[in-house]
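Subject: Structure handover

Hello,

Here is the structure I said I would pass on. My notes on it follow below.

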Amino acid sequence: MTENDQGNVPSRQRKRFPGISSRAYEHPADRSALVALRKLSGFDTVFKALSGLLPERSLRLLFLSDSVRVSDAQFSHLNDMLRDACYVLDLEKVPPMYVAQDPKPNAMCIGLDEPIIVLTTGLVELLDEEEMRAVVGHEVGHALSGHSVYRTILLFLTGLAVKVAWIPLGNVAIMAIVTALREWFRKSELSADRAGLLVGQDVQASMRGLMKIAGGNHLHEMNVDAFLAQADEYEKSGDLRDSVLKILNVLPRSHPFTTVRAAELKKWSESRDFQRIMDGHYPKRSEDKDTSVTDSFRESAGHYADTVRTSKDPLMKLVGDIAGGAGDLAGDLGGRLRNRFGTGQGPRKADAENEGTTGTQDGRSEA
């Protein structure tokens with residue numbers, strides 16, 4: 001093998017996931033919402049028809065005319081990463097990717113008919129190869145999950161809300177939809193982080209990338225463990241007032257806070273679900289049509305119940321305590337009723353048995 005050939009060989013071997021369904025890596029809340037939407041007959045058709053007024057063609061022409069399209073001739077290393085990410089996640093059609101001039105590190109996957117991936121120059125200059133591989137995998141994960149459609153709607157409605165802000169109550173109605181979409185999209189970001197890890201298969205690189213997005217290109221001044229400790233401190237610190245402030249702070253954001261994303265991804269990387277995927281056991285796209293909406297909602301409800309139970313946030317602990325107190329009260333009342341009337345017996349049956357016993361003691365038989 002020549003030195004030139006060695007340059008074309010990946011530095012390490014990564015596993016591939018043929019036919020993998022996005023359900024394999026989607027956050028429970030994200031997955032249940034998407035499965036329910038996909039189960040609605042003709043939903044995508046109706047949704048796209050209603051979205052016909054969106055300037056998607058104009059959006060594509062804008063990136064084509066004012067950004068750099070990634071290819072073998074331009075940003076070839078990013079093009080290799082893109083094709084590699086699509087190969088790992090078995091995404092048959094490689095979406096076009098552009099690099100746009102913007103000093104702020106960012107990336108997005110948008111588009112109604114076909115997804116488009118956009119990376120900013122600030123992000124390209126900030127991340128090393130393995131960190132960028134996770135980001136490209138993150139965006140390919142969005143494409144595989146079908147997130148680009150809803151992301152495009154969110155961008156359009158956000159811009160529309162600004163334009164109609166002067167109309168009484170007009171902005172309120174639009175912002176209600178935007179707020180709901182943002183809540184879903186924050187969950188979808190956690191899903192895409194998982195997809196990025198499946199593509200890069202280097203949890204440390206994923207952690208470094210999130211740290212750089214938070215603190216810039218100063219890795220020598222940062223520490224992964226200390227960064228994750230911030231997430232833990234953020235979750236459990238303060239009182240109920242701080243819990244309310246956390247909610248208000250996150251409402252205008254399309255992405256979860258960076259430390260929270262890092263902690264969530266680290267937890268998932270150590271889970272049995274992640275290990276099963278790496279061992280080749282995962283849901284397939286061919287099985288998506290048989291997915292149970294009820295099971296997905298049940299899994300989502302179970303996830304939130306676990307979150308409330310294990311959360312260190314003061315508000316979540318209060319919710320858990322109230323729920324636990326209600327359960328204890330119901331159990332106490334149930335126990336008293338069982339003691340009064342007998343297990344599994346109603347009042348009339350128990351009273352009848354008592355009367356029969358008394359009658360026998362008096363020497364009178366029951367009819």
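Strands E2 (residues 97–100) and E4 pair in the parallel sense, with four bridges between them. This is a predicted model, and that applies to everything below. Within the pairing, valine 99 stands opposite leucine 119 in E4, and methionine 97 has isoleucine 117 of E4 as its bridge partner.

E4 (residues 116–120) is mostly covered, with five of its five residues buried. Ile116, Val118 and Thr120 point one way from the strand, while Ile117 and Leu119 point the other way. E2 is likewise covered on both faces. Met97 and Val99 lie on one side of E2, Tyr98 and Ala100 on the other, and all are buried.

Two other strands join in. E3 (residues 107–110) runs antiparallel to E4, and four bridges join the two. Isoleucine 110 stands opposite isoleucine 116 in E4. Five residues separate E3 from E4 in a hairpin, and glycine 111 in the turn has a positive phi of about 125°. E1 (residues 68–69) pairs with E2 in the antiparallel sense over two bridges. Valine 68 of that pairing stands opposite valine 99 in E2.

For the chain as a whole, the secondary structure comes to 17 helices and four strands. There are 367 residues, of which 40% count as buried. The chain exposes about 20,800 Å², and carbon and sulfur atoms supply 56% of that area. Among contacts with a separation of 6 or more, 72% are between residues 24 or more positions apart.

On the interior: in soluble globular proteins, nonpolar side chains tend to be buried together. The largest nonpolar core here has 46 residues, and those with the most contacts inside it are Leu119, Met132 and Leu198. Apart from it lies another core, of ten residues, including Val149, Leu154, Leu157 and Trp184.

What does methionine 132 contact, leaving aside its neighbours within four places in sequence? The residues are Leu78, Met81, Leu119, Leu123, Val124 and Leu127.

Leucine 198 lies in helix H9 (residues 170–200). Its relative accessible area is 0%, so leucine 198 counts as buried. Not counting residues up to four places away in sequence, leucine 198 touches Phe17, Ile20, Tyr25, Val88, Leu89, Trp268, Phe274, Ile277 and Met278. Leucine 198 and arginine 14 are 184 residues apart in sequence, yet 9.1 Å apart in space, C-alpha to C-alpha.

One of the residues touched by leucine 198 is Trp268, which is among the buried residues of H13. Helix H13 (residues 258–269) has twelve residues. From its first C-alpha to its last, H13 reaches 16 Å, close to the 16 Å expected at 1.5 Å a residue. The buried residues of H13 are Thr258, Thr259, Arg261, Ala262, Leu265, Trp268 and Ser269. As background, an α-helix has 3.6 residues a turn, so residues three or four places apart point the same way.

Leaving aside neighbours within four places in sequence, valine 203 is in contact with Leu197, Lys266 and Ser269. Valine 203 has its place in helix H10 (residues 203–215). Is valine 203 buried or partly exposed? With a relative accessible area of 24%, valine 203 is partly exposed, because buried means under 20%. Between valine 203 and alanine 134 there are 9.0 Å in space, C-alpha to C-alpha, and the two are 69 residues apart in sequence.

Last, the cysteines. The structure holds zero disulfides. Cysteine 86 is in no disulfide, and the nearest cysteine sulfur, that of cysteine 109, is 9.9 Å away. Cysteine 86 is buried at 2% relative accessible area, and cysteine 109 counts as buried at 4%.

Regards

Conventions. Residues numbered from 1 in each chain as written. Predicted model: local features only at pLDDT ≥ 70, side-chain atom pairs only at ≥ 80, totals over all residues. Heavy atoms only, no water. Expected span 1.5 Å × (residues − 1). Buried < 20%, exposed > 50% of the residue type's maximum accessible area, 1.4 Å probe, protein only. Pairing = 2+ DSSP bridges. Disulfide = S-S within 2.5 Å. Core = buried A, V, L, I, M, F, W, Y, C linked by side-chain atoms within 4.5 Å. Contact = heavy atoms within 4.5 Å. Areas by Shrake-Rupley, 256 points an atom, 1.4 Å probe, with all protein chains shown as cover.
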